[in-house]
Amino acid sequence: EKKRQLSEKRLQDCQDDWISLLYEKADRAVEWKPERSVLREAEELAREYGSVSDAGEIQELLRRDYEGQRLGLLRLREEKERSRQDGELALKQAREELLAVQNAPELEPERGELIGRSRRAMEEAGIRAVPFYKAVEFADGLEPAACAVLEAQLKSMGLLDALVVRPEDLIRIEKECPEFLDSVICVDEAENAGAQASKDAADQPFAGLTVNTELEDGLRKETARILRHIRSVRTPGEWLRGGLRDGLSESRPAIGESGFFRQGALLGKAWQEGEAEYVGQLARKRKKEQKIRQLTERISELEALVEGLSGELSVLAGRLDTLEKEYRELPGFSEINDALEKLRECALQVDWLNGQFSERERKAQEAEQRKNRRYQEMLQCCKALPYGRTEAEYEEAQDALREYEGIWRECRETILRLQQAQERIREQQDRLEEDRQALDDALAEKQR
């Protein structure tokens, strides 16, 4: 029973040690941070620990909490990995774009795939065409801000990237390029002639732009004709009237100084900060350099981003390893199971000893009963004896018995000696009889 009590105390001490170690691990852990409710539930289960199967319930509780923390880190790693992949893709695209920009003679406005295909078809057909922004230059003395606004107006009017072609090539485009999907600036001859006949100041070539002198003769003439077709609006409200009161056609594009423009029925205002990007060789060169700088900076940012994400992924991998290591280092149940097994053995031993005690107690009761019966029998038998039943008289009787026993032993030894002497006498008589017979036989033999 004492061993059983000691085993119970050892089991309780092991449970206390396990609970203390669990809380200590949770406090010192770098990654494994279970909820306090989980720790309290594990503590209650440890207090009620009664069999090896109870360890599975506690382990399942802690495993669910571990899997939840691990899943959170895995999701974060997945997000970081997806961000890194996106960054690597963007970095690859930026590098490819930078290489394309560096290899390109100059930058061009963004165009759709169909427009690019159409222009390649015209080039293969031998039709010479040039975008309007390459056909013109800004007039001397025009401020950079005014150049930027003018370029924005041309872009909003659809003229900036529209093609300039010779009049005779328009028919070729219709016949030889059925897949044509683009814009061409086309000036009506009759209308342009009427405009040239007018004496109004608006009939002069557009003052903000000049013809690019590097163009071939046919394209240079067509560009000059287009510039004469564009009106320059200076007076407030004139851009709204469209020049109709001055006898000018409403179809002639009009460009104002404050960003306003009119393209037939289309009225609008455009604005652009900074400098022009496409009109003028210097602007395109500046645009290319600016684009290269932007892409270089973008590449540096993306490289830093990818490197940072790679570092974060490495940290997350380390955190996952640390989490798994800390989870695997959680206290086990071997000591509790050993203590529980010892307690079970002690309990079995106590039960066996209780059974043995009960059996011996039963036998002792039976012996007590037999003793009492024999005592009664003894009393009946001892009534005729010449002594009482006190202790002194029993001792006196015992002494007498010892004396009688000694006398009986002496008598037995005397009888034994007498029997031995009798046996020796019998043996002597047998030998004498044998000697007598031998003598008789010798006499008889002598007489013969």
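Buried means under 20% relative accessible area, exposed over 50%, and partly exposed in between, with a 1.4 Å probe and protein chains only. The structure is a predicted model, in which local features need pLDDT of at least 70 and side-chain atom pairs count only at pLDDT 80 or more, while totals for chains, interfaces and linings use all residues. Residues are numbered from 1 along each chain as its sequence is written, and side-chain values use heavy atoms, with hydrogens and water left out.

With those terms in place, Glu-366 is partly exposed because its relative accessibility is 31%, and Arg-362, at 36%, is likewise classed as partly exposed. These two residues form a salt bridge (a side-chain nitrogen of Lys or Arg within 4 Å of a carboxyl oxygen of Asp or Glu), with their closest N and O atoms 2.6 Å apart. Both belong to helix α12 (residues 334-381), where a spacing of 4 residues separates them by about one helical turn; helices here are DSSP runs (H or I, at least four residues), as strands are (E, at least two), numbered from the N terminus.

A search of the whole structure finds 40 salt bridges. One of them joins Arg-95 to Glu-303, with the closest N and O atoms 2.7 Å apart. Because Arg-95 lies in helix α3 (residues 53-103) and Glu-303 in helix α11 (residues 281-328), this pair ties together parts that are 208 residues apart in sequence. Arg-95 is partly exposed at 41% relative accessibility, and Glu-303 is partly exposed with a relative accessible area of 34%.

The two cysteines considered here are set apart by their accessibility: Cys-147, at 8%, counts as buried, whereas Cys-186, at 56%, counts as exposed. Where a disulfide is a pair of cysteine sulfur atoms within 2.5 Å, the count comes to 0 disulfides.

Finally, Asp-140 is found in the loop between β2 (136-138) and α6 (144-157), and it counts as exposed at 80% relative accessibility. Asp-140 and Ala-207 are 67 residues apart in sequence, and their C-alpha atoms are 9.6 Å apart in space.
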